[in-house]
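I opened this chain to look up a few local features. My entries follow in the order in which I checked them.

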Amino acid sequence: RPCSLLGPLVLLVLMLSCEDVTGSRVDTRPNFVLIMADDLGIGDVGCYGNKTIRAGQSRSCAGAAVPGRVGGLPPTETTFAKRLQEQGYTTGLVGKWHLGVNCASRGDRCHHPNHHGFHYYYGLPFTMFNNCVPGEGSDVLADVERALRHLSLLLGLALLTLVCLHVCGLLSTGVRLLATLACVTVLAVAVWWVPFGFLRTWNCIVMRNQEVVEQPLVTETLTERMLKEAQHFISRNAHHPFLLFFSLAHVHTPLFRSPAFAGKSHHGVYGDNVEEMDWVIGQVMESVDSLGLANNTMMYFTSDHGGHVEDPERGGWNGIYKGGKAMGGWEGGIRVPGIFRWPGRLPAGRVVDEPTSLMDLYPTLTHLAQDTQADRPLDGYNLMPLLDGSSSRSEHQFMFHYCGVYLNAHVTHHDPPIVYDLSRDPSESRPLGPATEGRFAEVLRRVGEAAAEHRRSLAPEGSGGQSHVGTPGAASVASSQLSWENVLWKPWLQPCCGTFPFCGCRENATRTA
């Protein structure tokens with residue numbers, strides 16, 4: 001009898017200890033698939049009220065929904081990808097990076113995703129410029145380009161006029177003057193045409209890890225290639241914990257679409273973009289499901305900020321909310337979709353009305369990855385209590401929005417500030433004042449105190465007013481990432497396949513990673 005019970009007993013012990021037959025511990029930590037759209041309006045998604053665009057009807061909205069608010073990256077910063085990498089996760093980024101590549105030389109790659117926690121990278125290291133799509137014009141230093149073009153034309157016209165007058169004997173002009181003017185004209189044309197003529201080649205590129213694989217990029221096949229990269233990353237890492245951040249190029253201008261989606265929506269090229277984006281999300285979900293990973297994979301979909309309503313022909317819709325991406329203080333600029341999917345762990349259809357932030361992702365992911373290392377004070381909070389229903393209140397009392405380096409709600413300074421009660425006036429149509437809100441003075445005082453405390457938390461004593469960032473306890477001091485020195489375009493640092501400035505290569509569309 002004792003011998004007959006030995007087999008089941010051993011099996012039970014193995015099950016309880018979560019070890020497989022090889023003796024190695026089974027890792028039950030969840031996978032993470034984070035999908036971020038670019039400039040998607042909260043009113044463009046079906047589960048947020050849109051009934052005319054086929055987006056989110058059965059794919060994007062299959063999970064718990066929360067309202068999100070958007071939250072840069074100094075070189076010394078610690079990303080959630082790096083924290084998960086330290087916990088044994090395989091991490092990948094597919095899509096748009098837009099946080100730079102090089103610092104001091106073309107090959108240092110100091111800002112590259114591989115140096116910020118991502119084992120694998122495929123995508124656009126920069127943003128989608130208008131120059132990347134033929135016929136869409138230019139949006140890189142357009143005023144400077146126009147001024148240099150006009151100056152070159154004027155100098156050329158002046159040179160031609162003087163030469164004609166000199167040849168016709170109507171004006172005696174020294175050869176030295178003509179030669180000098182000719183040199184100045186050639187220099188002006190070079191300063192204008194060389195950098196701006198190569199904009200599409202230099203800025204519109206695709207990289208795989210630290211190698212440029214396409215320059216300039218081809219938009220007609222870009223979506224399909226990025227989708228395949230995301231799917232291959234998931235399948236390659238299906239047997240151990242992974243993090244995939246899929247940063248979409250949709251629906252940022254210039255709008256581009258695959259031929260299969262051209263003219264399919266009721267809202268022109270923008271609607272086609274949204275519906276193609278929704279299809280991509282559905283394909284990623286199907287990949288997760290087909291590999292049997294759904295119950296152990298937390299998926300999250302959001303946008304970086306609200307729709308680009310400032311461009312009425314190519315921008316999105318923010319529903320009842322005022323403002324857009326360039327008016328970040330208004331609710332339409334900072335309220336974005338936030339949709340989670342985790343079958344078996346999060347109840348489908350649950351709606352969370354509490355304020356949350358994209359900065360909440362960091363503590364949520366590190367919590368689920370069982371990261372217990374010490375960290376700095378964070379602006380975000382673990383979202384799991386809200387998502388699983390164990391808590392009904394957000395831990396956020398205040399959330400701070402920056403316009404560049406300035407902590408404010410609007411580009412225009414208002415004194416006293418404009419105050420709205422979003423619980424009763426989500427469209428921000430009725431500003432509060434002493435006559436309509438008895439606690440108006442108290443609200444302003446409390447907001448002022450919170451802002452002062454926030455600033456102190458960014459500038460520890462003895463830091464000279466600058467914030468310490470990076471690994472816990474590090475003595476590094478972050479310089480301003482938005483200074484002219486850092487944001488000035490430096491063509492000589494652009495990645496290049498070939499010999500700069502004559503870069504160029506084409507990716508084999510059939511290649512798989």
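Which residues of H11 are buried? I found Phe440, Ala450, Ala451 and His454 buried in H11, where buried means under 20% relative accessible area, exposed over 50% and partly exposed in between (1.4 Å probe, protein chains only). They sit on the same side of H11 because they cover an arc of only 100 degrees around the axis, the arc being that of the directions from the helix axis to the C-beta atoms. On the other side of H11, I noted Ala441 and Arg456 as exposed. The cover over the buried residues of H11 includes strand E12 (402-403) and strand E13 (406-407), with contact taken as heavy atoms within 4.5 Å.

I then checked the length of H11, which runs over residues 440-458. Its 19 residues reach 27 Å from first C-alpha to last, close to the 27 Å expected at 1.5 Å a residue; the expected span is 1.5 Å times one less than the number of residues.

Note on provenance: the model is predicted, local features need pLDDT of at least 70, side-chain atom pairs count only at pLDDT 80 or more, and totals for chains, interfaces and linings use all residues. Residues are numbered from 1 along each chain as its sequence is written, and side-chain values use heavy atoms, with hydrogens and water left out.

Entry on the whole chain. I counted twelve helices and 15 strands; helices (H or I, at least four residues) and strands (E, at least two) are DSSP runs, numbered from the N terminus. Of the 513 residues, 46% are buried. The accessible surface comes to about 25,900 Å², of which 59% belongs to carbon and sulfur atoms (Shrake-Rupley method, 1.4 Å probe; for residues, only the protein chains shown count as cover).

Entry on disulfides. I counted four, a disulfide being a pair of cysteine sulfur atoms within 2.5 Å. Cys132 and Cys204 form one of them, with sulfur atoms 2.0 Å apart. The torsion about their S-S bond is about -90 degrees, so this disulfide is left-handed. The pair links distant parts of the chain, 72 residues apart: Cys132 lies in the loop between strand E5 (120-124) and H3, and Cys204 in the loop between helix H5 (199-203) and E6. I list Cys132 as buried at 1% relative accessibility and Cys204 as buried at 0%.

Cys103 is joined to Cys110 with an S to S distance of 1.6 Å. That link is right-handed, with 85 degrees about the S-S bond. Cys103 is partly exposed at 37%, and Cys110 is partly exposed at 23%.

Cys496 and Cys503 also form a disulfide, their sulfur atoms 2.0 Å apart. Cys168 is in no disulfide, and the nearest cysteine sulfur, that of Cys164, is 6.4 Å away. I found Cys168 exposed at 57%.

Entry on the backbone. Which peptide bonds did I record as cis? The bond from Gln215 to Pro216 is cis, with omega near -5 degrees, and Pro216 is in the loop between strand E7 (211-214) and helix H6 (222-236). The bond joining Phe500 and Pro501 is cis as well, with omega about 5 degrees.

Asp39, not a glycine, has a positive phi of about 70 degrees. Asp39 is buried at 1% relative accessibility. Asn209, not a glycine either, has a positive phi of about 50 degrees, and Asn209 is partly exposed at 23%.
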